[in-house]
Amino acid sequence: MSTKSPLIAPSILASDFARLGEEVRAVTLAGADWIHIDVMDGHFVPNITLGPDIVKALRPHVDIPFDVHLMIAPADPYLEAFREAGADIISIHPEAGPHLNRSLKRISQLGAKAGVVFNPSTQPDVIEYMMDDIDLILVMSINPGFGGQSFMTSQLKKIERLRAMIDASGKDIVLEVDGGVTPQTAPLCVSAGATALVAGSAVFRGGASAYADNIRALKGA
Ligand code: DX5
Ligand code: ZN
């Protein structure tokens, strides 16, 4: 069980898209560790969000890492564009392409941290033989595509299993959880071994004056 407070990565999916720059600055000032950016293509997931040009436009607003979650297929043709736009971490779903290891190596070659994302039905074994090529593991505790969904407690066992795999590897891999993270579910994730939490609704609810308290409530987990 981890005793450190988790890194908090607010998902801008829940922010005011008409004022993205301001929102990113506000959550950063409120104590966010990373900015989580959800990229959706209307094909891999049933929703469409934003592309590299928006990441690039946001980059000058803050210095904290951009944690880019690609829910697009294929992802390979866009890795370079997201890196050039300012992504520090790029995470991909194994289902998004035929050669997960090649994609991860490409992300590393581009100078970004490479992440693998697990859908609720994706098995931990997918990464068993490629721990050396992974910097971050993102466990979805909802079906990707939309914010504001309820946390799937079925995923806690997977977080525990991945924690054990990370510990056995001896590598410093971040274990992040995404979906339905609230002050109620955050402690469950941290107890299961998570070291970073994505939160959309739980950070952006209540408007800018509430962001610092919202982040503190999640860190308190
Ligand atoms: C959904 C995204 C999540 C989403 C989480 O596909 O990956 O990052 O924004 O939203 P909440 O925290 O509201 O569940
Ligand atoms: Zn996400």
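## An exposed proline and its loop

Because its relative accessibility is 55%, Pro77 counts as exposed, where exposed means over 50% relative accessible area, buried under 20% and partly exposed in between, with a 1.4 Å probe and protein chains only. This is a predicted model in which local features need pLDDT of at least 70 and side-chain atom pairs count only at pLDDT 80 or more, while totals for chains, interfaces and linings use all residues. Residues are numbered from 1 along each chain as its sequence is written, chains are lettered from A and ligands numbered from 1 in the order in which they are written, and side-chain values use heavy atoms, with hydrogens and water left out.

Pro77 sits in the loop between E3 and H3; helices (H or I, at least four residues) and strands (E, at least two) are DSSP runs, numbered from the N terminus. The loop between E3 and helix H3 (79–85) also holds Pro74, and the peptide bond that joins Ala73 to Pro74 is cis, with omega at about -5°. Pro77 and Ser103 are 26 residues apart along the chain, and their C-alpha atoms are separated by 9.9 Å.

## The zinc site

Which residues coordinate the zinc ion (ligand 2)? The ion is held by His36 through NE2, Asp38 through OD, His69 through ND1 and Asp178 through OD, at 2.0 to 2.3 Å; donors are N, O and S atoms within 2.8 Å of the metal (3.2 Å for Na, K and Ca), and water is not among the atoms, so sites may look incomplete. Along the chain, the donors of the zinc ion (ligand 2) follow the spacing H-x1-D-x30-H-x108-D. Two of these residues link distant parts of the chain, since His69 belongs to strand E3 (residues 66–71) and Asp178 to strand E7 (residues 174–178), 109 residues apart. Both His69 and Asp178 are buried.

The site of the zinc ion (ligand 2) is octahedral, with angles of 69 to 168° among its 6 donor atoms. Four donors count as tetrahedral if all angles lie between 85 and 135 degrees, whereas four count as square planar and six as octahedral if opposite donors are over 155 degrees apart and all others between 65 and 115, and anything else is irregular. Ideal angles for six octahedral donors are 90 or 180 degrees.

## Strands and their pairing

Strand E8 (residues 196–199) has Ala196 and Val198 pointing one way and Leu197 and Ala199 the other way, and all are buried. In a regular strand the side chains alternate between the two faces of the sheet. Two strands pair if DSSP finds at least two bridges between them, and strand E1 (residues 7–10) is joined to E8 by 4 bridges, the two running parallel. Within that pairing, Ile8 has Leu197 as its bridge partner in E8. E7 and E8 also run parallel, joined by 3 bridges, and the partner of Asp178 in E8 is Val198.

Another parallel pairing joins strand E4 (residues 89–92) to E5 through 4 bridges, with Lys113 as the bridge partner of Ile89 in E5. Strand E5 (residues 113–118) is mostly covered, as 5 of its 6 residues are buried.

## An enclosed space

How many cavities of 30 Å³ or more does the structure hold? There is 1 cavity of 30 Å³ or more, and the largest cavity contains about 50 Å³ of space. On a 1 Å grid over the protein atoms alone, a cavity is a set of points where a 1.4 Å probe fits but cannot get out, and lining residues have an atom within 4 Å of a point; grid points are joined across faces, edges and corners, and a volume is the space filled by probe spheres set on the points.

The lining of the largest cavity consists of Ala75, Asp76, Ile92, His93, Pro94, Ala96, Gly97, Leu100 and Ser103. These lining residues divide into 5 nonpolar, 3 polar and 1 charged, where Ala, Val, Leu, Ile, Met, Phe, Trp, Tyr, Cys and Pro count as nonpolar, Asp, Glu, Lys and Arg as charged, and the others, Gly among them, as polar.

## Other loop residues

Ser209, in the loop between helix H7 (201–204) and helix H8 (211–219), counts as exposed because its relative accessibility is 73%. Met152, in the loop between strand E6 (136–140) and helix H5 (156–169), counts as partly exposed at 25% relative accessibility.

Key: 1 Å grid on protein atoms, 1.4 Å probe; cavity = no way out; pocket = protein on both sides within 12 Å on 5 of 7 lines; lining within 4 Å.
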